[in-house]
Amino acid sequence: MVSYNSRSENPIKGPSSGPIDPYVLFEALTGRKLELPSRPAPEGYDDLSDIRTCRSRKQDEPNPDPRPDDVFVGCINPFALAENMIGHKIDRQSITAIRIIQDTLQTDYEELFDMKHHSVLYAGLKLNKEERKADELEEGETKILKEKDLVTPDLSRLDRLGDLEDIGMKELGNVRIKRAGILNNKLHLVLHADDIARTVGNREVTQTINDICLPFRRDSGRKDSFTPPNSSWRDAREVLMMRNMRRGMISDYNTLFDYGGSREYQAVRKFDDPIQGATANSWFVAALFSVYWADPALINRNTNMQVRMHHRSGAGAGDDEGRQQHRFSAKFYDQGGRNNSKTQVVEVDYRVPVNNSSEDFVYCRSSDGMALWPSLYEKAFAKWIGNGNNDNPNRHKSIGPASGGSSSSQHVDITQTHNGDPVKAMAQLNGREPQYYFTDKHDAADLIGLVRGCSVNHRTICPMVAWTHASDSGTYRGCNLVANHAYSVLGWSSVGQGDKQYVIVRNPWGVTEPHGLTSYPGILTRVEPEYWRPASLLDREGVLAVEVGAFKEYFACMGVTK
């Protein structure tokens, strides 16, 4: 007899014991070749690599568009930036987080996520209004704000509107009104006061924001080294070891005294989905997760968790072998253009920037806080596009007093990944051909057909990403849907028989906006396994379902690598 998942050339004649293979029976009855499905995947990542590989483009799929010359996609994660500036973690599911972000970044929440407001989340970029895309700013086009630049005038003595002109408000009749209302016979106005008050933006930032987020090193003494403010380069394994110890102590304490504990320690999640940090490299983090989601076997998650506490002096084969055991390697592929280098395997050590106050990673991290590979991939990629600079492997050798006593004068500048092309980044990660589909050149049916053609059981088996327009009339006003931002495309779903079809995407910030704060026509902000079964395979924070018509309107381009 023929067993499951096999095709015997010489089946045994006569009666056979055991069940009949239904696939062979179907082919015998119909004369049609039936493609075997993949085995059902368990709820986790480790066994997902057996899903069949992505096919080449079908004849009925839309033709890809020409590869763009340059793409400057990127938006800073406001939660990560605010956490690094204030030095402690923020409960990202709380409405309080919104107020903290507004105060820390000196910008109204609804004005943070569209480039037309010159938001600080797009520091280093400028809006090209005609093409609704971002262009890169040169260092000379940006400015560092001093404390005196942010000082506001004394408003306590204002009595009449005319007094505003005395403190610097020019042409009061032409001042823009943001919000107006009447309450109890009183007119409440919110005015744009650009003439008398300044705030951080895409062209003007504080020194702290510049050093955390931007690749501009204005101090000549710091051009060859990089350490974010209030941070240190620490072995990520030691950080995780201490984090595990603290979680274990708190868990034991709560069990002993029957306390529920805080949300952070109630459960350790098993998903290690990459979360973007405090720079604008959403394009790379979205690409990294898309490749991982489509085929986990392509991503090196083998991290040596053994911490070397003492370094044996002297050189030799044994020492070289020990050094290799304490370094992480990743392979990247040449795709031409900027943010690129020759095809090679890149090695980095385990040191990453860690905030001195919160002891959390400054840049890319895993959603459960217990995996290292997202941080190390980001570091290796930054080193690769910098042509292998920094990350000195001989970091334990003395380098003299000029370094201020540090163990190394050079570190990988993660901010060099500030903006880029997410489709090309996927190809740099898996070595396949990047294909671009701009939404204004394809109808909605073609776009959802492309996603469905690259999916099995509603889940993509070819890495896919999409990015949004740089500005819109009013869509991008919350952290769910963000302008000039890259999203991983995870699959598709539908509601009802032949009804609306949705594209499932993931925001690399790993955050879903508190319910009711902002409404988005055509978007489901909570995607549960009952609606989309693969949702059980990932951390669902930041996962959205976008109706295909809305997807065509909100997103500028979708790409795939095959």
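Visitor: Which are the buried residues of α11?

Guide: The buried residues of α11 are Pro422, Val423, Lys424, Ala425, Met426, Ala427, Gln428, Leu429 and Asn430, where buried means under 20% relative accessible area, exposed over 50% and partly exposed in between, with a 1.4 Å probe and protein chains only. This is a predicted model, in which local features need pLDDT of at least 70 and side-chain atom pairs count only at pLDDT 80 or more, while totals for chains, interfaces and linings use all residues. Residues are numbered from 1 along each chain as its sequence is written, and side-chain values use heavy atoms, with hydrogens and water left out.

Visitor: Why is α11 described as largely enclosed?

Guide: Nine of the nine residues of this helix, residues 422-430, are buried, so the rest of the structure largely encloses it. Helices (H or I, at least four residues) and strands (E, at least two) are DSSP runs, numbered from the N terminus.

Visitor: What happens at the start of α11, and what comes just after?

Guide: At the start, a side-chain oxygen of Asp421 reaches to within 3.0 Å of the backbone nitrogen of Val423, and just after the helix Gly431 takes a positive phi of about 75°.

Visitor: Okay, and strand β13, is that buried or exposed?

Guide: Five of the five residues of β13, residues 434-438, are buried, so this strand too is largely enclosed by the rest of the structure. Both of its faces are covered, with Pro434, Tyr436 and Phe438 on one side and Gln435 and Tyr437 on the other.

Visitor: Which strand is β13 joined to?

Guide: Five bridges join β13 to β20, residues 555-561, and the two run antiparallel; strands pair if DSSP finds at least two bridges between them. Pro434 stands opposite Thr561 in β20.

Visitor: Changing topic, how many salt bridges are there?

Guide: The count comes to 23 salt bridges, each being a side-chain nitrogen of Lys or Arg within 4 Å of a carboxyl oxygen of Asp or Glu. One of them pairs Arg92 with Glu83, with the closest N and O atoms 3.0 Å apart, and both Arg92 and Glu83 are buried.

Visitor: Last one: where is Asn210?

Guide: Asn210 sits in helix α5, residues 207-213, and at 0% relative accessibility it counts as buried. Its side chain makes a polar contact with the side chain of Asp211 at 3.1 Å, a polar contact being a pair of N or O atoms within 3.5 Å, where within protein one must be able to donate a hydrogen and the other to accept it, and residues adjacent in sequence count only if both atoms are side-chain atoms.
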